[in-house]
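Hi,

Here is the structure we talked about handing over. Have a look through it, and then read on for what turned up.

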Amino acid sequence: MSTGRASAIIASGTMVSRILGFVKAGMLAAAIGQSFSQSAAAFGLANQLPNNVYALVAGGVMSAVLVPQIVKASKAKDGGESYVSKILTLGGTVFLLLTIVATIAAPFLVQIYAVSAGEDGRGFSDGQMALAIGLAYWCMPQILFYAIYTLLGEIYNARSQFGPYTWAPVANNVIGIAGLAVFMLLFGEAETNKSLDVWDADRVMWLGIITTGAVAVQALVLVLFFRRTGMRFRLDFGWRGVGLRATGKSAMWLFGIVIIGQIKGLVQSRVASMGDEANILTMQNAWYVFSLPHSIIAVSIAIAYFTRMSHHANDGEIGKIRSDLSGALRGVGMLTTIAAIMVAVVAPPLARIFEQGYAGSIAMSWVIWAFLVCAVAYSAEYVIQRVFFALGDTRTAFLYACVSMFITFALLWWASTLPAVWIIAGTALAVSIANLVSASVWLVLVRRKIGPFGFRLVAWRHVQYLLYAIPAGAVGFAVVWAMGGYVDGGFGTINKPAGVVTCIVAGAAMAVVYFGILFLTRNPDFRSTVDLVVGRLRRGRA
């Protein structure tokens, strides 16, 4: 399969999955509420636990280790079948045991990640703790299904079969959406389910089955299509030769980065559990909204440049890496700047898709606005880190992660001192400020690593992008204002469909103005980015 075709499959699958994921998040909010919902806060905590436990054990290491090992093993006489059977048997056994232990330890994990309400009333009440524990028992099996999905996914990637791995999350979201629709038919919508009093064993069981079942289907898709890899699987408990010792320092540094990230996540979760009105689920969905432009724009562009930078690194052509970094930063900055302005302008009607009323929309909007402070810097840091990874340097990322952890802790402590109604927005702002500091440090580190890469040009272009985005944002603001998106009872926030319409109209207006200015000014970054994307799409069709 050609690189262009693979990129097209990955991009299209990611786009569809993200859109459906957005719909599923909106359905969940419609089912159990979001801000001002105690049950939503409990679910938000319970459902993030399996992700945290899984990432703590395997995050970063599988991708760094398995693909090279599978590619190497594929040169054997059996095409790597023996190795794949060994690694799947080993991984399945380890994660099955981990899932059992984590499920048993669910009460302990909930108490670690959430603060119990004290005399000041901040934190999880006894009822929320009980509900979070009940839901966690049902959510913990996701650890095993995430592991199966990742293990098989890396085999698919190593065998250049990208379709099933990329599109399996789509099945997850479709099942989740359908399941939540059934849940609302059985138990009603958020107005009923946001109260802790109605959460009996049946509600807990159904929501847990729907959530975990969707993840199970995601893994099942890869099981069903496994023959496409050209391999057969059989249980093999002879684990000698699996190659765990061959992980190398690179993978260990990545593992260290993941551990530090999970420690920061734990502290962040404990601080967020003290919030009132906006809660943990509000913050998770606000982050999802914030990260959409990054995952669609920055990651796609960075992947294209990362491939080129990796080849240049292998050839020792540092000058070309500098050129790629400059081009990637300018292209990503051009798109993330307007994306951040767009999301900021439409935040209240956008939040109305998740919230049950205007008050909740404003509560979520503050969290979105706080995250958006670091939107451009967050994507820039992602691009810069690809330079270090292309050069095989993961040690620098680990060492800086150790330093940034304490910066994040200090900012989260500040957030914890705020009034309860501002803790979630304060937590989001703390994360944003930490990311701003981090991006600034990475700019210095990358210059020391590869030398001058044209920072003045990158900075000047970012100023231009901001200047172009201001009139576009003003037009969008006027549209949202005219459609009643900033007032209680206005069309833009009166219900979810009206919020969607308002976002589409305002977003289209801003896009026309911004990209029109880029076209009229003959901005070279605009043209080169368009050429890059169009070129990948053309190669994808070939």
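**Helix packing and voids**

In helices H4 (residues 81–104) and H5 (residues 106–113), the axes come within 4 Å and cross at roughly 70°. H4 and H5 are therefore roughly perpendicular to each other (65 to 115 degrees; under 35 is roughly parallel, over 145 roughly antiparallel, and the rest oblique). Helices here are DSSP runs of H or I with at least four residues, numbered from the N terminus. Axes are lines fitted to C-alpha atoms over the stretch in contact, with angles from 0 to 180 degrees between N-to-C directions.

Before going further: this is a predicted model, so local features need pLDDT of at least 70 and side-chain atom pairs count only at pLDDT 80 or more, while totals for chains, interfaces and linings use all residues. Residues are numbered from 1 along each chain as its sequence is written, and side-chain values use heavy atoms, with hydrogens and water left out.

Back to the helices. H6 (residues 126–139) packs against H10 (residues 201–224) at an angle of about 40°, with the axes 8 Å apart. That makes H6 oblique to H10. On the H6 side, the contact (heavy atoms within 4.5 Å) is made by Leu-131, Gly-134, Leu-135, Trp-138 and Cys-139, and H10 brings Val-204, Met-205, Leu-207, Gly-208, Ile-209 and Thr-212. By class, that is eight nonpolar, three polar and no charged residues (nonpolar: Ala, Val, Leu, Ile, Met, Phe, Trp, Tyr, Cys and Pro; charged: Asp, Glu, Lys and Arg; polar: the others, Gly among them).

Now the voids. On a 1 Å grid over the protein atoms alone, a cavity is a set of points where a 1.4 Å probe fits but cannot get out; a pocket is an open set with protein on both sides within 12 Å along at least five of seven lines, and lining residues have an atom within 4 Å of a point. Volume is the space filled by probe spheres set on the points, which are joined across faces, edges and corners.

The structure holds one cavity of 30 Å³ or more, and the largest cavity has a volume of about 70 Å³. Its lining includes Phe-290, His-294 and Ser-379, and H12 (280–314), H13 (318–345) and H16 (375–390) each supply at least two of the lining residues.

The second largest pocket has a volume of about 790 Å³. Of its 24 lining residues, Leu-292, Pro-293, Ile-296, Met-342 and Val-343 lie nearest the centre. H21 (496–520) gives the most to this lining, with six residues. The lining has 22 nonpolar, one polar and one charged residues.

Best wishes
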